[in-house]
Amino acid sequence: MRIVVVGASRFGQATTRQLLDKGHEVVLVDSDRSRLESLEEDLDCGMLHGDGSLPSIQRDAYGDHADALVLLTNSDDVNILAAAVGKSIGFERVLPQIVRGELISVCEELGLEDLIAPHSRVARSIVRLLEDNDDAAMELRFHKGLQLVGYQIPKRLDGATVRDLDLPERCRAIGIARGEVEDLVSEDTKLDAGDKLVLLVDENVKSDLDAYFSSDDKSQSAS
């Protein structure tokens, strides 16, 4: 397929890379010329500098034909506008990223059915991964030595915030599951004993995290 991706954000870059790995032809559009230039050696795809919500830019990216338009800028408003323009240009499929849940119904009213809602989908995926594994930690391996790992919060960390955690440098907390509620986290997110916290980590620090998040009984026996 020939696919146009608007937005060279981290998500846009990762999506472009995955599409290229699958053998698809990709045109990456972004309003930041320097960002595109920095990606030229890393991504073997067409690159177009400009505002991806403008009809003229989308027509240039569309060329003779394109199968899909994927909108991954960091602005829901831009993605919605660009999606509406894309439908008028003639893209067979238009997939805008929508972060704010209240805008999903607006998109549906506009006839935008293929929505990318990463926050809610990632949260649901995190919970499924955690619930499918009864161990204290589960892992999903990524490229370049990164892993997605999940740990149950022990009693000694009850009431702490993500900022309070003594996490290694190559580690980022990204999600939490608390009963039937799941969400992404910030540094101010308060943790309760029994919560399941998901982190993206360098594989070299995983053993340190295993020890840090071990149960209270294990921590006491080890001391």
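**Close-up views of a predicted model**

View 1. Strand β7 (residues 146-152) is largely enclosed by the rest of the structure, because five of its seven residues are buried (buried: under 20% relative accessible area; exposed: over 50%; partly exposed: in between; 1.4 Å probe, protein chains only). Helices (H or I, at least four residues) and strands (E, at least two) are DSSP runs, numbered from the N terminus. The structure is a predicted model, in which local features need pLDDT of at least 70 and side-chain atom pairs count only at pLDDT 80 or more, while totals for chains, interfaces and linings use all residues. Residues are numbered from 1 along each chain as its sequence is written, and side-chain values use heavy atoms, with hydrogens and water left out. Strands β7 and β10 (residues 196-202) run antiparallel and are joined by seven bridges (strands pair if DSSP finds at least two bridges between them). Leu-148 has Leu-200 of β10 as its bridge partner.

**View 2. Helix α1 and its buried side.** Gly-12, Gln-13, Thr-15, Thr-16 and Leu-19 are the buried residues of α1. They lie on the same side of α1, because they cover an arc of only 165° around the axis (the arc of the directions from the helix axis to the C-beta atoms). These buried residues pack against β1 (2-6), β2 (25-30) and α2 (33-39), with contact meaning heavy atoms within 4.5 Å. On the other side of α1, Arg-10 and Asp-21 are exposed. The end C-alpha atoms of α1 (residues 10-21) are 16 Å apart, which agrees with the 16 Å that its twelve residues should span at 1.5 Å a residue (expected span: 1.5 Å times one less than the number of residues). Gly-23, which follows α1, has a positive phi near 90°.

**View 3. Asp-76 in helix α4.** Asp-76 is found in helix α4 and counts as buried, at 6% relative accessibility. Leaving aside neighbours within four places in sequence, Asp-76 is in contact with Gln-97, Ile-98, Val-99, Arg-100 and Leu-103.

**View 4. Gly-90 in a loop.** Gly-90 lies between α4 (76-89) and β5 (93-96). Gly-90 is partly exposed, with a relative accessible area of 33%. The C-alpha atoms of Gly-90 and Ala-68 are separated by 9.5 Å, although these residues are 22 residues apart along the chain.
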